[in-house]
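Work through the exercises below with the sequence and the 3D view open beside you, and try each task before reading its solution.

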Amino acid sequence: MILPQLGWRNIWRNPKRTILTVGAIGFSIMVLEFFFSLQLKTYDAAISASVGILHGHIQIQGEGYNDNPEIRNVITSANNLKAQIRELSSIEGLSMRGVGFGLVSSETRSYGVQILGVEPESEGEVSNIPGLIKDGVYLDNNQYLGAVIGSVLAKNLKIGTGQPLTLMSQGLDGSLVATVLTVIGIFESGSTEIDRSTVEISYRDFDELFEMNGGAHAIVVRSKDADTAQELLTPISQIILSQQREEKLAVLDWQKLLPGLKQSIDLDMSAGWLFYTSLIVIVSFSILNTFLMSVLERGHEFGVILSLGLKPKFMAGLLFLEALFLILIGILIGNLFGALIVEYFGSVGFSAPGAEEVLKKWNLPSRIFPEVSLKSFFWPSFTVGVSAIFSTLYPMFKVLRLDPLKALKGEV
Amino acid sequence: MPIILKLAFRNIWRNPKRSLITIGAISIGVWSAVTLSSIARGLSYGMADDAINNLVGHVQIHAPKYLDDPAAEFNFNISSSIVRDRLSSLKVRAVAERVRVPAVLLSERESVGVNLVGIDPQTEKSLSFIGDGVSEGLELMDQKDPGIIIGKRLKEILKTKLGNRVVLVTQDSNNSIVDRGFRIVGVFDAKLESTEKAFVFVGREVAQSFLNLEDGISEISLKLEDAEMVDAAIATLKMEFPEMEIDSWYVLEPLVIALRKVQDGFLIIWFFIVIVSVSFGVVNTQLMSTFERMREFGVMMALGLKPKRLLSMVTVESLMLLVIGLSMGNLMGAMNFFILSDGIDLSTFAAASEQLGFGKIVIPRFIARDWIQCSVLLVVIGLISTLYPAWKGSRYDPVTSISGRGV
């Protein structure tokens, strides 16, 4: 094993150059790892925030309801379906909802809103709203015609708990729904959109008012995390099939329920890689430079070795090993420092200065705690490593075509 | 001094391949930084333009309580000609009077919450998107036109069509509920679906009679020829109308400005990262080239060249590499900028652009400050990092270095 030994010695013949090259590789990996793990963690936070407020990981709806929420598009005998789905393992929460749109009026103001008929006993399993009541109490089944409304809506309606709220809407059969609710609680979910336009009443009241006959518009499922949710899609579809229902139902995951979130993540990832690629290309140039230099410099030496009868292939291999050593050391050091930085911000949290407002609007916590993960180790190392190896190809190619006589004279 | 320039210039071309690769790395770094920043800026500045076009304008005037509670009750009576007159010292492009209240719109089959906006169609032309946004049917003729214009997406939601009647339900200036039927005369297109869902337009005088406002309006929106004069316009207006609430677009749309600030921070960090990466390559090259020329430096010093001048020669060499790379990178960035001047189509990410609130086409924007920051950072960091090789070269001992025994 003379080759590795030679290679190792060669890279330390000019320690400054080696340190600089390793530094360039390590620096880029460190930067990539930090940004990458920050991105991944931000996506996690965004998904769990958006999913947690109201949508859940999975929803079962009538086919086409998601694009076009018509009150007639109903899941009939929803309780029946719910009971069977609850049997599945890895379901953490399950609740059904009726959804209507209507006009609510206080004494002085009227607004168009979304009316959710929720099951008070299980809504908390799929939505954070029951836990985010800042004034009054959440719904329970003992009180008739109580309503819980968003904080922005309460402000716009100039209404507080205990006050009456008139509701006008259309029932399932097209008849007019008109009733007086009592505001019993006000919630603040943090999403202005939801806080401005949501009224929750109990499913029992909703069923009666909108004449749902036990039907629902959505069955909401929460699982442990986004990945587990994907595994639930097939068994749920199978249960629906086995029931041989008259209406067609769709099983939607969070990506379909919140297409904007999914695409925002994709877009951010693509934009991120645009930046990362430019950094990787720059580093590759610096590596190409180093190797080209080291070939040119050693023209005479290579000439001597060639005249002694060694094959150009041997030298190309030697050069490749040298490159590999440099790259591996760079990756090692980069990951080490990268992990240290990520760990540091993982414990104190990272917040971009002035970003609170933007993050809040997009439903993100203002402080992100990045974590080292397999992904955040692998992708930076892999991409930088591969492109670094590519950038050594040209110098190696040069060595393969070396002419001993010219090389001896130092002409490469 | 010129001799040093000449020497330095010749020196960097003694090993053209090495210099070219270094210049290449610098210019790619600069090019990527310039291009990516112009795309990022295009996104955020585009958002600002869209916000301004989206009925906000540069400056808005409201009754004091209106912004918290946009009801017909909070109206006022200032005519646009008076505003124009008060701002005569500034160039005003357009001033519009509007009625604007939340309402519920009902078709035969569905009902949705919308913002009812009463406009003077002619004055909106140079002010907001609705001026030429109608894609189907007709625009409103004037402020007395009895028709209504709704967004394309809203038309789909309501499952209605041109020529159909819809009913608007809202509260008038006395807070009593009023309703009136309108015929859909036009359908508008907007950059964002949320805009197409949020607004319906009727003639201003029609809205005033519907809401029992008499001559009252909800807002005045105005656009200046020069967006930089916003603060001056606000100062003047606040003096003229002390009892009114007067805001600039960046107070009304704080998110746009917040995003821009986050970008400011991110871009400068990114420039720094790119330039540090580039510098690794530059230091490497300069270290090699001084090392190679050890003997030559020894000779020069033996002939009486002062170490100080040697130091400046090597520094000038680095500076030349940096400046050539910088110019090439900027040139490439400028070319790129013109290639992309039609915009980058992000319609694949339509739902994301909806969620985050930017248009589907992003047109890169050249911001001089970014360019200057990037260039200055490159030269400063580049020079600092090459000080070491230069200093090293100037410290060679003539005797040992001539003999080639090294340092």
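**Exercise 1. The build of chain A**

How many helices and how many strands are there in chain A?

Solution. The structure is a predicted model, and in it chain A has 16 helices and 10 strands. Next, consider the overall dimensions: along the principal axes, the C-alpha atoms of chain A fill a box of roughly 100 × 50 × 30 Å. Then set this beside the radius of gyration, which is 31 Å for chain A, whereas a compact globule of 412 residues would have one near 22 Å. Finally, look at burial and contacts: buried residues make up 43% of the 412 residues in chain A, and among contacts between residues at least 6 apart in sequence, 81% join residues at least 24 apart.

**Exercise 2. The contact of the two chains**

Find which element of chain A gives the most residues to the side that touches chain B.

Solution. Begin with the totals, in which chain A contributes 46 residues to the contact and chain B contributes 48 residues. The elements of chain A that give two or more residues to this side are α2 (15-55), β2 (93-105), β3 (110-118), α10 (259-297) and α13 (356-361). The one that gives the most is α10(A), with 21 residues. Sorted by class, the side of chain A that touches chain B holds 25 nonpolar, 15 polar and six charged residues.

**Exercise 3. The nonpolar cores**

Identify the residues that touch the most other members of the largest nonpolar core.

Solution. Strand β2 (residues 92-106) of chain B supplies the largest share of the core, 10 residues. Turning to A:Ile219, and leaving aside residues up to four places away in sequence, we find that its contacts include A:Ile60, A:Ile75, A:Leu81 and A:Met96. A second, separate core has 85 residues, among them A:Ile287, A:Val399, B:Phe271 and B:Phe358.

Key:
Residues are numbered from 1 along each chain as its sequence is written. Chains are lettered from A and ligands numbered from 1 in the order in which they are written. This is a predicted model: local features need pLDDT of at least 70, side-chain atom pairs count only at pLDDT 80 or more; totals for chains, interfaces and linings use all residues. Two residues are in contact if their C-beta atoms, placed from the backbone, lie within 7 Å. Helices (H or I, at least four residues) and strands (E, at least two) are DSSP runs, numbered from the N terminus. Ala, Val, Leu, Ile, Met, Phe, Trp, Tyr, Cys and Pro count as nonpolar, Asp, Glu, Lys and Arg as charged, and the others, Gly among them, as polar. A nonpolar core is a set of buried Ala, Val, Leu, Ile, Met, Phe, Trp, Tyr and Cys residues joined through C-beta atoms within 7 Å. A residue is buried if 20 or more other C-beta atoms lie within 10 Å of its own, exposed if 12 or fewer, and partly exposed in between; C-beta atoms are placed from the backbone. The radius of gyration is taken over C-alpha atoms; the globule rule is 2.2 Å times the number of residues to the power 0.38.
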